[in-house]
Amino acid sequence: MQNNVKMLFFHASWCGNCKALEPTVDAVVKETGIDFVSVDAEKDLTLCEKYGIMNLPVIVFTKDGAVIGKINGVVTKQNLLDKVKEVC
């Protein structure tokens, strides 16, 4: 997508809900073409701190560096698609 919106997916290897959400995230990224960043919360504490990540999984949407949306926890593919359409 050419609108400077990015989707950051914060997850960890030990997080069962993160693993459950991963196929949904992958499908939405493939379907929409949104710029995507996968963030391992255990390895990138700086980004977690920057975006106030306290629980996992979390999806943060940014535009030009500013947060424009956030999803906490597991959501359906349709919910995630709706959020992508809303922020794009």
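Some conventions come first. Residues are numbered from 1 along each chain as its sequence is written, and side-chain values use heavy atoms, with hydrogens and water left out. Because the model is predicted, local features need pLDDT of at least 70, side-chain atom pairs count only at pLDDT 80 or more, and totals for chains, interfaces and linings use all residues.

I turn to the disulfide, taken here as a pair of cysteine sulfur atoms within 2.5 Å. By this rule the count is 1. Which cysteines does the disulfide join? The partners are Cys15 and Cys18, with an S to S distance of 2.4 Å. The torsion about their S-S bond is about 80 degrees, so the disulfide is right-handed.

Next, accessibility. Buried means under 20% relative accessible area, exposed means over 50%, and partly exposed lies in between, with a 1.4 Å probe and protein chains only. Cys15 is buried, at 5% relative accessibility, and Cys18 is buried as well, at 3%. Cys48, by contrast, is in no disulfide; its nearest cysteine sulfur belongs to Cys18, 10 Å away. Cys88 is partly exposed, with a relative accessible area of 36%.

Finally, the lysine. Lys85 lies in helix H3, residues 77-87; helices are DSSP runs (H or I, at least four residues), numbered from the N terminus. Is Lys85 buried or exposed? At 61% relative accessibility, Lys85 counts as exposed. Its C-alpha atom is separated by 20 Å from that of Pro57, 28 residues apart along the chain.

Note on methods:
Helices (H or I, at least four residues) and strands (E, at least two) are DSSP runs, numbered from the N terminus.
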